[in-house]
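This briefing is meant to be read with the sequence and the coordinates side by side. Please keep the structure open while going through the points, which are grouped by topic.

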Amino acid sequence: TKNMELFEVIKLAEANMLGNKLHFYDQSLKNTVNVLMKSLYAKNSREMIHSNRVSIISKELALMMNLDKYNVEKARIAGLVHDIGKIGIPDHILNKATSLTIDEYKAIKEHSLIGYKILNSSIEFSEIAEIILTHHERWDGNGYPRGLKDESIPLIARIIAIADSFDAIIS
């Protein structure tokens with residue numbers, strides 16, 4: 001019947017509109033993440049160099065572990081944006097040349113949660129957000145923010161943690 005055909009057309013149009021809305025939303029979030037990363041790099045140029053190295057190291061580790069193409073790419077992207085939450089940390093703390101106070105260290109530790117909140121607002125970045133949240137967890141359970149341990153820490157987060165530490169040691 002014509003009413004049924006009209007109903008189907010409306011359903012299809014609504015589905016297409018929703019799909020387009022999600023696509024444009026995710027594209028907008030990608031652009032926002034790009035802007036935030038550039039802002040972070042402008043605040044602290046060391047972060048750009050560090051993030052690029054962590055991205056490369058993470059990708060190489062994932063390849064050496066024979067992870068599939070999807071997870072290799074996830075490791076590369078997560079390595080690149082692992083410190084995006086530092087955009088919310090005051091410059092005087094990020095750029096401090098001397099030892100951090102207890103309060104300053106607490107502020108720095110917030111970057112993984114800030115990064116999670118930024119990235120988790122998109123379906124496209126939700127898996128990366130979880131990695132960013134957990135990349136400072138430690139195998140022994142003494143990491144942050146959740147105190148996860150062993151294999152409860154996502155594999156890619158463990159890769160990022162190794163790449164991040166390795167880069168800190170070599171540079």
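The structure shown is a predicted model, and the values below were computed from its atoms. The protein has eight helices and zero strands, so that the pattern read along the sequence is α-α-α-α-α-α-α-α. Of the 171 residues in the protein, 36% are buried.

**Overall fold and surface area**

- When contacts between residues at least 6 apart in sequence are taken together, 62% of them join residues at least 24 apart.
- The protein exposes about 10,500 Å², and 60% of this area is supplied by carbon and sulfur atoms.

- Once the neighbours within four places in sequence are left aside, the residues in contact with G79 are S51, V54, S55, S58 and I160.
- G79 and I128 are separated by 49 residues in sequence, while their C-alpha atoms are 9.5 Å apart in space.
- N71, with a relative accessible area of 17%, is likewise buried because this value falls under 20%.
- The side chain of N71 makes a polar contact with the side chain of K74, at 3.3 Å.

- Which residues of helix α5 (residues 102–109) are buried? They are E104, A107 and I108.
- Seen down the axis of α5, these buried residues fall within an arc of 100°, and so they line one face of the helix.

**Salt bridges**

- Side chains of opposite charge can pair when their charged atoms come close. A search of the whole structure finds eight salt bridges, including those described in the next points.
- Within helix α3, E73 and R76 lie three residues apart, which is about one turn of the helix, and their side chains meet in a salt bridge with an N to O distance of 2.6 Å.
- Both partners of that pair are partly exposed, E73 at 33% relative accessibility and R76 with a relative accessible area of 27%.
- E130 forms a salt bridge with R146, in which the closest N and O atoms are 2.8 Å apart.
- Because E130 lies in helix α7 (residues 126–134) and R146 in the loop between α7 and α8, the pair ties together parts that are 16 residues apart in sequence.
- E130 is partly exposed, with a relative accessible area of 26%, and R146 also counts as partly exposed, at 44% relative accessibility.
- The side chains of R138 and D140 meet in a further salt bridge, with an N to O distance of 2.6 Å; R138 is partly exposed, with a relative accessible area of 43%, and D140 counts as partly exposed at 41% relative accessibility.

Conventions
Residues numbered from 1 in each chain as written. Predicted model: local features only at pLDDT ≥ 70, side-chain atom pairs only at ≥ 80, totals over all residues. Heavy atoms only, no water. Buried < 20%, exposed > 50% of the residue type's maximum accessible area, 1.4 Å probe, protein only. Polar contact = N/O pair within 3.5 Å; in protein donor to acceptor, adjacent residues only side chain to side chain. Helix = DSSP H or I, 4+ residues; strand = E, 2+ residues; numbered from the N terminus. Contact = heavy atoms within 4.5 Å. Areas by Shrake-Rupley, 256 points an atom, 1.4 Å probe, with all protein chains shown as cover. Arc of directions from axis to C-beta. Salt bridge = Lys/Arg side-chain N within 4 Å of Asp/Glu carboxyl O.
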